[in-house]
Amino acid sequence: MYSLFTRPDSELTNYKNSTLDAATGLIILPNGSPCFEQADEILHWIPNPMKRTIRNEYAFEEEFDRRKKMLRLLARSLNGCRGRMRTLEDGINYISILNVFGWYPYGHLFDSLQKLYHAISRVPEPWKILHSDARRIVDFEGHMCKLGIARERLLWLREPAIVPSLWVSPWQAAPTDFNPKIYDWVYDSYVSEKKPSSDTLLYLSRNHVRPGSRSVLNESDVLKVLLAKGFTLVTGDETVEETTRLFSNAKFVTGAHGSSFANTIFCPEHCKILEFCAYNRPDRSFYHKYKRCQDYTFRLVSGDSEANINIPVSEVLDTLLA
């Protein structure tokens, strides 16, 4: 399913006078046809925009064809409105890192940021970055600043627009994964302390994200024990600087599966990670994500109908001391 996410990482394409859909990131060429070669997110992975889920490999081709048909309809609709669309300023090269959701789920933020690696060094000046709604990302501008991108370079695309000169780099890895070379670029850009002390103990909480769904039922008991042991509670509301400092100095990280585990890419090599996930909603995306730390345990536990779980505190402490 993810085979098309392994194109040559040097690929960078310029499109002239194309239409760019803010909601999906779909590029519509001047002739009105959708640009399928840059639609990997929609065609090969994320089910939400198409309201469908690919259940198995045998259903993939049928679903693939269905999605292409829907994108053709979307392109036709947007092309019909082209005469009333805003045209972005000419003379500027625009780099697209739009997300298929129209906003950035934090666990997938780095999927989009990887697209910048080749673009910002090769796209001719002057250039700006077209991005999706980033209001759900804490300190989005801080993330961009880490990559050397000033606020003045950023332009939030809120509605479909005609882009005189659009530059696109395709996905560099499978969803939530990392191209190893680009990983080093991101790590070195974010982590200023090159020799972390590896002394922080982190508990990643997500009970406040979607209360009653994918939460930890016994979190109050878990926190009572772990905070007494010197753990730091991480909620996801931390700034980029604080997040990077905590994870790059981590000795041990644990919690229920959630987007904060994306930050384990900053953990040092000898950190221990213990992630709990409900049997009825298994997701190993962060476990498989390319990273320095290799001592990563992914643990499936019983979950209720909403994938809420109990975390066995004794197992956390045993893993910490092992």
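Modeller: A cavity is a set of grid points where a 1.4 Å probe fits but cannot get out, and its lining residues have an atom within 4 Å of such a point. The model discussed here is predicted.

Colleague: Which residues lie nearest the centre of the largest cavity?

Modeller: G25, Q38, A39, E41 and K115 do, out of 17 lining residues. The space in this cavity is about 160 Å³. Helix α1 (residues 40–45) gives the largest share of the lining, 3 residues. By class, the lining has 9 nonpolar, 5 polar and 3 charged residues.

Colleague: Why is A307 called buried?

Modeller: Buried means under 20% relative accessible area. A307 has 11% relative accessibility, so A307 counts as buried. The residue sits in the loop between β12 and α10.

Colleague: What makes N17 partly exposed?

Modeller: Partly exposed covers the range between the buried limit of 20% and the exposed limit of 50%. N17 is at 40% relative accessibility, and therefore counts as partly exposed. N17 belongs to strand β1 (residues 13–20) and also has a positive phi, about 50°, although it is not a glycine.

Colleague: How do you know that the buried residues of α10 are on the same side?

Modeller: The buried residues of this helix (residues 313–321) are V313, E315, V316 and L320. They cover an arc of only 160° around the axis, so they fall on the same side of α10. The face turned away from that side carries the exposed residues S314, D318 and L321.

Colleague: What do the buried residues of α10 pack against?

Modeller: They pack against β8 (200–204), α7 (219–228), β10 (250–256), β11 (272–278) and β12 (295–301).

Colleague: Which members of the largest nonpolar core touch the most other members?

Modeller: L116 and V253 do, in a core of 47 residues. Helix α6 gives the most to this core, with 6 residues. A second, separate core has 19 residues, including Y203, F252, A256 and V313.

Colleague: What makes a residue count as in contact with V253?

Modeller: Contact means heavy atoms within 4.5 Å. Leaving aside neighbours within four places in sequence, V253 is in contact with residues that include L202, F247, F261 and I273.

Colleague: Why would such residues be found together?

Modeller: In soluble globular proteins, nonpolar side chains tend to be buried together.

Colleague: What makes a space a pocket and not a cavity?

Modeller: A pocket is an open set of points, whereas from a cavity the probe cannot get out. The largest pocket has a volume of about 1300 Å³. Of its 46 lining residues, P105, G107, H108, R214 and S259 are the closest to its centre. The largest share of the lining, 3 residues, comes from α9. The classes are 20 nonpolar, 16 polar and 10 charged residues.

Colleague: What is omega for the peptide bond from E125 to P126?

Modeller: Omega is near -10°, and the bond is cis. P126 is in the loop between α4 and β5.

Terms used:
Residues are numbered from 1 along each chain as its sequence is written. This is a predicted model: local features need pLDDT of at least 70, side-chain atom pairs count only at pLDDT 80 or more; totals for chains, interfaces and linings use all residues. Side-chain values use heavy atoms; hydrogens and water are left out. Buried means under 20% relative accessible area, exposed over 50%, partly exposed in between (1.4 Å probe, protein chains only). Helices (H or I, at least four residues) and strands (E, at least two) are DSSP runs, numbered from the N terminus. The arc is that of the directions from the helix axis to the C-beta atoms. On a 1 Å grid over the protein atoms alone, a cavity is a set of points where a 1.4 Å probe fits but cannot get out, and a pocket is an open set with protein on both sides within 12 Å along at least five of seven lines; lining residues have an atom within 4 Å of a point. Grid points are joined across faces, edges and corners, and a volume is the space filled by probe spheres set on the points. Ala, Val, Leu, Ile, Met, Phe, Trp, Tyr, Cys and Pro count as nonpolar, Asp, Glu, Lys and Arg as charged, and the others, Gly among them, as polar. A nonpolar core is a set of buried Ala, Val, Leu, Ile, Met, Phe, Trp, Tyr and Cys residues joined through side-chain atoms within 4.5 Å.
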